[in-house]
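Colleague: I am new to reading protein models, and I would like to go through one with you slowly. Could you show it to me before I start asking?

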Amino acid sequence: GTQFNPITRGADYVDILPSLNLALRLDSDWVFRAAVARQMQRPRMDDMRVANGYGYNTQERILTGGGGNPYLRPIRANSADFTVEKYFGNTGYLAAQFFYKDLKSFVYTQEVPFNFGGYPLPTGITPGDLDSLIGRNTIPINGDGGNIYGVELAGTLQFGQFASFLDGFGATGGVSYTKTQIRPDPNSAPEDIPGYSKWVANGTLFFEKYGLNVRGSARYRSTFIGELSGFGAQRVRRRARDELIIDGQIGYDFKAGPFENV
């Protein structure tokens, strides 16, 4: 019921992101790596939208609504990683990685006081119907941070290195443990960061010889907090169940083996 007008809003900021990566490789095929960095991740585009929807709250005689926040700042973190790797020539390796990320801030959705002065009133509402132009808006905000830390083990082994009759057999995969924690405000209990499972594991047993390729794989992730599209396309958080996927594959390469050139 009103004319559309272009609106431009946002924030200016400067980030300095130093990083340092060190690696030590020994003649015995041991490799040690260490890294520290200042990191940033920009908010989601829809969280920074200028659009805002609102309506009249008949019980409280104020305007309430929700939308985006074009003044959001990035999520910033200090991270540190340490990795130990052992290589077996060019046929396999074992590695252990330890990681820690100190989140200096995080983006939350929260209801905050909002001045609706200058906004057109909903149809049928007059200034006399409002006790105050200060209402409430549910928008993304920059809140307190948290941390992410854990360990990951990974490797690839050719069994023929240990017994000649196992030539062609091998395994590859890894397992990781990740602990995440954020606190939306000092008065709330810590909660998990969406999208992170505490346990993730994957592994593949394979046979590759005579042109034949046979693989069996399994992938597992434990329960996690997921973000889904709820009513009105609003993002809502729900706990997703754990998941196990098993698959297999058989292939043959006609460029090698007894059927070469077939």
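Modeller: What follows is a set of questions and answers about the sheets, a few single residues and the pockets. This is a predicted model, in which local features need pLDDT of at least 70 and side-chain atom pairs count only at pLDDT 80 or more, while totals for chains, interfaces and linings use all residues. Residues are numbered from 1 along each chain as its sequence is written, and side-chain values use heavy atoms, with hydrogens and water left out.

Colleague: Over how many bridges do β1 and β2 pair, and which residue is the bridge partner of R25?

Modeller: β1 and β2 pair in the antiparallel sense over seven bridges. Within this pairing, R25 has a partner in β2, and that partner is V31.

Colleague: In what order do the strands of the four-stranded sheet lie?

Modeller: Strands of a sheet pair through backbone hydrogen bonds, either parallel or antiparallel. In the sheet of four strands, which is open, the pairing is mixed. β3 (52-57) and β7 are the edge strands, each pairing on one side only, and the order is β3-β4-β8-β7.

Colleague: Which residue in the hairpin of β3 and β4 takes a positive phi?

Modeller: β3 and β4 pair in the antiparallel sense over six bridges, and N57 has I62 in β4 as its bridge partner. The hairpin has four residues between the strands, and the residue with a positive phi near 55 degrees is R61.

Colleague: Is D29 buried, partly exposed or exposed?

Modeller: D29 is found in the loop between β1 (19-25) and β2, and its phi is near 70 degrees, a positive value in a residue other than glycine. Buried means under 20% relative accessible area, exposed over 50%, and partly exposed in between, with a 1.4 Å probe and protein chains only. Because D29 has a relative accessible area of 30%, it is partly exposed.

Colleague: Is L205 buried or exposed?

Modeller: L205 has its place in strand β11 (residues 199-209). Leaving aside neighbours within four places in sequence, L205 is in contact (heavy atoms within 4.5 Å) with G170, A171, V214, R215 and G216. With a relative accessible area of 57%, L205 is exposed.

Colleague: How far apart in space are Q39 and G146, C-alpha to C-alpha?

Modeller: Q39 lies in strand β2, and at 29% relative accessibility it counts as partly exposed. Q39 and G146 are 107 residues apart in sequence, and in space, C-alpha to C-alpha, they are apart by 14 Å.

Colleague: Which strand gives the most residues to the lining of the largest pocket?

Modeller: On a 1 Å grid over the protein atoms alone, a pocket is an open set of points where a 1.4 Å probe fits, with protein on both sides within 12 Å along at least five of seven lines, and lining residues have an atom within 4 Å of a point. The largest pocket has a volume of about 870 Å³, a volume being the space filled by probe spheres set on grid points joined across faces, edges and corners. Of its 34 lining residues, the closest to the centre are R44, D47, V107, E227 and R237. The strand that gives the most, with five residues, is β7.

Colleague: How many charged residues are in the lining of the second largest pocket?

Modeller: About 400 Å³ of space lies in this pocket, and of the 14 residues that line it, the closest to its centre are N5, I7, N52, Y119 and P120. Ala, Val, Leu, Ile, Met, Phe, Trp, Tyr, Cys and Pro count as nonpolar, Asp, Glu, Lys and Arg as charged, and the others, Gly among them, as polar. By class, the lining has seven nonpolar and six polar residues, and the number of charged residues is one.

Conventions:
Helices (H or I, at least four residues) and strands (E, at least two) are DSSP runs, numbered from the N terminus. Two strands pair if DSSP finds at least two bridges between them.
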